[in-house]
Every structure is written in structure tokens, then in C-alpha cells.
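Dear colleague,

Please find the structure below, handed over for your study.

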Amino acid sequence: MSVNAVVPAPGTPFVKRVEGLSGQKVLKCIQCGKCSAGCPAAFAMDFTPRQVMRALQLGLPSDELLGASTIWVCLFCQTCSVRCPMELDIAGVMEALRLVAIEDKHPAAQKNIALFHRLFLWGIARTGRLHEFGLGGMFNVRSRQPFLNVSHLPKMLFSRRLPVLPPWPWSKGAGEVRRIFRRVQAAQKASRGSHA
Amino acid sequence: MPKYAYYPGCAVHASARDYAVSAQLVCQALGIELQEIKDWTCCGASSAHPTSHLLGLSLAARNLRLAEEMGLTLTSPCPACTSRLAGARHELRDPAALAEVNDILGKDFGNTVGVEHLLQVLSKGDRALPVKRPLGGLKVAPYYGCLIVRPQKVLGFDHEENPQSLDRLLSAVGAEVVPWGFKTECCGAGMPMARKDMVHKLSGRILAAARSAGAEAVAVACPLCHSNLDMHQGDMKPNPKMPVLYFTQLMGLALGFSAKELLLDTHFTDALALLRGKGLA
Ligand code: SF4
Ligand code: SF4
């Protein structure tokens, strides 16, 4: 065999899972770096998008990626995906990695970002719509930063741009959203059970 | 009269009330009817989908189904919602995914509804704008943000790298559009609570780029962009002091509405002094 021949690694179960969730074939990546060059969040990442693709190609231990800040600071802005010359959906790969991290309860490298998303969904699951005032308050308490963004409050309240009362939780919409949450949870439990 | 199923989304409904009000006024003036979807709920935003695909799709599909029932194309002023809803519509072309979501909803959703951002609706065709008060060469940097035009294969609107629709609308109402390179750079999106530092950095460089391109104001089409660029400006060092207006507010001024009607007095970075100087407020 020629020394230059690229022998595609068979892909670890972790890589296969990420490929399955994202619908992307990581070996297609030619490591050109265009995704990283345009990524607005790259400065806050421990692995750049190109490095994430490389780690998946090489089948590096899953802990490295699941425990990375990258999968949490990604803004899902799609810049990488629309620029990739190989038409890989890198944002979709980031999303898949985050899904796996959440499913496997891997500790998040960016605790506050994970907390934000949890609280966001907690609120939606109750009232069907986002309550910005409530989310901000809960985030400040739970992240122990009582004064975060508080300087904006007077103007927001005064100009009536920040409703203090939550959306009506007994509306038809809120009820239907609660049912969606319950049913999705049940469906996921069932499918996890059938895999085990 | 063109009629749309209107999905404001949580932010436009509350903290971006100025966007909602100006959008309604402009649409009224142009004879476009926005009929709000009764009982709309959160589209899932950027929290649901990367937590559980099925949850993200189902939350979006609930709203798509309501628009489908109305028999109208859905429009939203929020690019994040539009992207979530259009993304779900795209994924649900797969019959297996659609069946799974219908199971969750307990409804018969056919996934036949169109989804368009408000900018797309307003920039359609060559609509004559009844301009009463041209913006008199106000120098504006048109800022699209990341999600209005990305990805093309889902949205099919304008251009991913150098979009033009907002440029054209602003020129049509008498603004001078400055050329610049940050039209579709990301502002930091939903990070102002968890990673304020990222928002300051990303939004700060957008405002600096607008300034060095010679802009007197930035036009936006997204409630998250507005909050990051306007509200968080005061915390940036140095303070860029750059007025940030919704494109519907700029259009509204040209169509003859007052700054007060357009809630231009609710912004953090004062836009009124600039507008007064130009005889627009
Ligand atoms: S842009 Fe595409 S091909 Fe280039 S490094 Fe990134 S993922 Fe690989
Ligand atoms: S989607 Fe994520 S990885 Fe891709 S460019 Fe945006 S922030 Fe970077």
C-alpha cells in the first residue's frame, strides 16, 4: 500500500452516534479551516470547529469533545455550515455533540450556558411562552450573580418593555405545550428503553 | 390585500414592543394585513432543539399547524423564530419525522405552510412606498444578522454573504446606505445572560465597523440584535454611542409616523438627537 493512502478509520460508536444525529460524514472534511476562520465564537472555544471535525475523524476519546466549552459557546449562527466547501453542516455537528452531552449527562464545561437553556425550557414548559423577567431573575439567583444586567431594569420597566407578570399558564397554548413536553419525554424514555 | 399569519414570538411580543408596534404601523400603511396567530406559543428557540430534536420540532410544528389552519403563509419579525420554524418545516419533509411529530401533537399537520421573515414580506416585488418624509440621506449601516439569510437551502431568501433586500428598502425611503463588511456577522445572539463578555466583544466590533464605515445609525431586523447592540452598548468600553433602530422604525418615520408613535423614545442609546438634527423627529 502506498504510504500516501488515506485509510479511513472505521469510526468509534461515539463518532457513529454523532454522524447519525447530524446526518454528516466527518471523513468528508478536508481540514481547510474555513469554518474556523469565519466562526464568531472561535475566540471563546477550546477546540475550533475544524479541530472538532479532526477529533471526530481520528476518533479521539469522546470526553474531550463532550467536556469542551466549544459545544456550549457555539451560537448556531450557521456561518460555518453555509461556507464549508464540502457542504458539511458543522453547526449540525455541534448540535449533535451537545445533544449527546445532555443525553449522557456529561458535566458541561460552560455551566452558566447550560443553566440558561435549562431555565429557558423550564419556563416554557410551564407557561408556553418565554417570560423574560422571570428567566432573568431565576438566572441571576441560580448563577449567583444577583446584579447581572440589573442596571437595565429601570428603563425596561419604565418603557413597558419588560412585563413583570408571567404569561397566563392556563391558556390553551400553555396547556398544549405542557402536553408536548410530557409526550416527548415519554417517547424518549420508550426509545431509550428499546435501545437498552 | 396581502394577508399573513403573524407570529410575533416571545421577545417581539414583550421586550421588543417597539419592533412589534412599528411593524404593525408600516404594514398597515402598505396595506399588508398581519393576522396574529391565536394562542401561538414559543418556537423552542435555541434552547429546545439542541436539547431534544423531537421537542424542538414539536414546539415549532404546533405553531406551523395553527398557521396552516388559517390557510395563510406565516411571517415573523424575529429571525430566530423564522429560522426555527423554517428549519422545522424543512426537517419535517421527511415523512417519518412528520408522523412522529403528529403523534406528539395528536393532530393532523400536513406541513404545507410557507414561512417568511417580515423583511422578506416587505421587500417583495417593487412595491411603491408612499414616502411622506424621505430620510434625507441619513447614513445607515444595514445589519441583517446571522439568521435572516442563512441557510439558503432552508430559507431561499436573498444572499448569504452580501444580502441586498434591506439595503434596497432603506434606499427607497431616502437613507444613504453605507457599504460595510459586517452585514451578516453574529452579535452574540442569546448569550447576554450566560456570556455577557462574548456579546460585548461581538456586538462591539459590529458597532465599531459601522462607525468606521461612516454610519450615523445601524438598522436591524431582529429583537436579539437590537437588545445586544442597543441595550448592552452602555456597558461596552468605550461606549460606541451608535443609535440602533429597527428597519420598521426607519420606514415608519419615512411613511409619516412620529418618533413617539414608533416608540423611538424607549431605546437605551439615544436616537432622537440624531433624528431631530435631520428634521425627522
Ligand atoms: S470548512 Fe468544511 S471542509 Fe473545511 S475544515 Fe471546516 S468542516 Fe472541514
Ligand atoms: S454555528 Fe457555531 S461553530 Fe459554526 S460558525 Fe457559528 S458559532 Fe461557529
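**The two domains of chain A**

In this predicted model, the centres of domain 1 of chain A and domain 2 of chain A, taken over C-alpha atoms, are 28 Å apart. Domain 1 covers 13–103 and domain 2 covers 113–195 of chain A; such bounds come from an automatic or database domain assignment. Four residues of domain 1 are in contact with four residues of domain 2, where contact means heavy atoms within 4.5 Å.

The size of an interface is often given as the accessible area lost when the parts come together. Between the two domains of chain A about 300 Å² is buried, with 71% given by carbon and sulfur atoms; buried area is the accessible area (1.4 Å probe) that two parts lose on being put together, summed over both. On the side of domain 1, W72(A), R98(A) and E103(A) lose the most area to domain 2, together 89% of what that side buries.

**Chain B against chain A**

The contact takes 60 residues from chain B and 57 residues from chain A. About 5,200 Å² is buried between these chains, 62% of it on carbon and sulfur atoms. P50(B), I104(B) and M193(B) supply 13% of the area that chain B buries against chain A, more than any other three residues.

Three salt bridges are counted between the chains. E176(A) forms a salt bridge with R62(B), the closest N and O atoms being 2.8 Å apart.

T41(B) is buried, with a relative accessible area of 2% (buried means under 20%, exposed over 50%, partly exposed in between; 1.4 Å probe, protein chains only).

**Conventions**

Residues are numbered from 1 along each chain as its sequence is written, and chains are lettered from A and ligands numbered from 1 in the order in which they are written. Local features need pLDDT of at least 70, side-chain atom pairs count only at pLDDT 80 or more, totals for chains, interfaces and linings use all residues, and side-chain values use heavy atoms, with hydrogens and water left out.

Key. A salt bridge is a side-chain nitrogen of Lys or Arg within 4 Å of a carboxyl oxygen of Asp or Glu.
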